Amino acid sequence: MRPLAVAALRQFGVEDASVSLLNHGFNSTFAVTQNNGLRFALRLNTNSHRSVEELKGELAWVRALGSQTALEVPAPQPTLEGGFLATIANTFLGKDMHAVLYSWLSGPLAGDRMNPVIANAFGGALRVLHNHAAKFKFPTGAELQPLKNSLFNRSYTLDQNAPALDHSLFRDVYQEADLIMARVMKEPLIPIHYDLHPGNAKWLRGKLSVFDFDDSMLGRPILDFAISSFYLRNKGVETDAAMWDGAKSSPNDHGVTRQEFETLVAARGVGLANELFSMNTADLIEIAPKYAVVVEKRLEHFKKTGVFDPTVAKLSS
């Protein structure tokens, strides 16, 4: 991936810089440091299915958030041609790959020190995102696609990839979530982050900054809350209450009951397990069957208690 990163950086006019891999998962992200000390984050869309129009939609929304709200987000950097999107040929995957370059956000990842105070800030950040998104208009040639028939816009294929699982359990949760989505998605759709977890935010001097809008799409705010809650609960279910306090709202304010919200949170795990089996990245391919078993244990607990608690099963256990 490194030669691709260097080739992409040339299109942004960045040379004579150190390039170090930060993450090679769904996509590949590099830390870039120029000799003058300026730092950037380069993202190569390795597994992404985004079109050029969707990438432009992401970039337009992030730029607007940075200029029109107090929420700290990274600034998209222009290419030498004046756009914000680079394209390079990936001969290994046999397709063109897109790249974006963002300014660097200072501070440690929020997940490194997650607590109710930071969870509260997550709720506040989501409130800002959704309030802005409700009024945001995409420029010509830019768009985000709406969620369609499922939480991941994909069919359920776990029964083919992991046949030993209790698929009735997985399908029940997934289908229940889709019924809830079908109802809430009748409301006007707005841009949502759709992946705001502690690894996509930083915490510095009591302030939260948000990045990685690569999964952003058109949906309803409740889906953002369900996804954030899914990850925040790894530090205990009390972080969920702190998130809602920061958002100054509740599931009922977004058209779902508390039990329906729990179903949406639980379904995030089903969607992730399903998605992992379609990845090209070696580490994700290896982890997919192990993660599916973890999700199964979590769903068993959810069905018994009505509460999604990710601490009942983890990959390390």
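Let's start with E58, which is buried at 0% relative accessibility. Buried here means under 20% relative accessible area, exposed means over 50%, and partly exposed lies in between, with a 1.4 Å probe and protein chains only. This is a predicted model, where local features need pLDDT of at least 70, side-chain atom pairs count only at pLDDT 80 or more, and totals for chains, interfaces and linings use all residues. Residues are numbered from 1 along each chain as its sequence is written, and side-chain values use heavy atoms, with hydrogens and water left out.

Back to E58. Its place is in helix 2, residues 52–68. Helices are DSSP runs of H or I with at least four residues, strands are runs of E with at least two, and both are numbered from the N terminus. What does E58 touch, not counting residues up to four places away in sequence? The list is R43, R50, Y102, L144, F213, D214 and S216. A contact means heavy atoms within 4.5 Å. Look also at D215. E58 and D215 are 157 residues apart along the chain, yet their C-alpha atoms are separated by 8.6 Å.

Now the cores. A nonpolar core is a set of buried Ala, Val, Leu, Ile, Met, Phe, Trp, Tyr and Cys residues joined through side-chain atoms within 4.5 Å. The largest one has 78 residues. Which members touch the most others? They are F122, L208, L223 and F261. Helix 8 gives the most to this core, nine residues. Take F122. Leaving aside neighbours within four places in sequence, F122 contacts A110, M114, L196, H197, P198, A201, L208, S228 and L232. There is also a second, separate core of 17 residues, and V19, V32, L42 and I88 are included in it. In general, nonpolar side chains in soluble globular proteins tend to be buried together.

Next, helix 6 and its partners. Helix 6 is residues 221–232, helix 8 is residues 258–276, and their axes come within 9 Å and cross at roughly 70°. That makes helix 6 roughly perpendicular to helix 8. On terms: axes are lines fitted to C-alpha atoms, for helices over the stretch in contact, and angles run from 0 to 180 degrees between N-to-C directions. Under 35 degrees is roughly parallel, over 145 roughly antiparallel, 65 to 115 roughly perpendicular, and the rest oblique. The crossing is right-handed. Right-handed means the near helix is turned clockwise from the far one by less than a right angle; anticlockwise is left-handed.

Who meets whom? From helix 6, the residues include L223, F225 and F230, and from helix 8 they include F261, L264 and R268. By class, this contact has 11 nonpolar, two polar and one charged. Nonpolar covers Ala, Val, Leu, Ile, Met, Phe, Trp, Tyr, Cys and Pro; charged covers Asp, Glu, Lys and Arg; the others, Gly among them, are polar.

Helix 6 also packs on helix 7, residues 238–247, at about 145°, with axes 9 Å apart. That crossing is right-handed too. On the helix 7 side, T239, D240, M243, W244 and A247 make the contact. The class count is six nonpolar, three polar and one charged.

Last, two backbone points. D16 has phi near 55°, positive in a residue other than glycine. D16 is in the loop between helix 1 and strand 1. Y194 has phi near 70°, again positive and not glycine. Y194 is in the loop between strand 6 and strand 7. Buried or exposed? D16 is exposed at 62% relative accessible area, while Y194 is buried at 5%.
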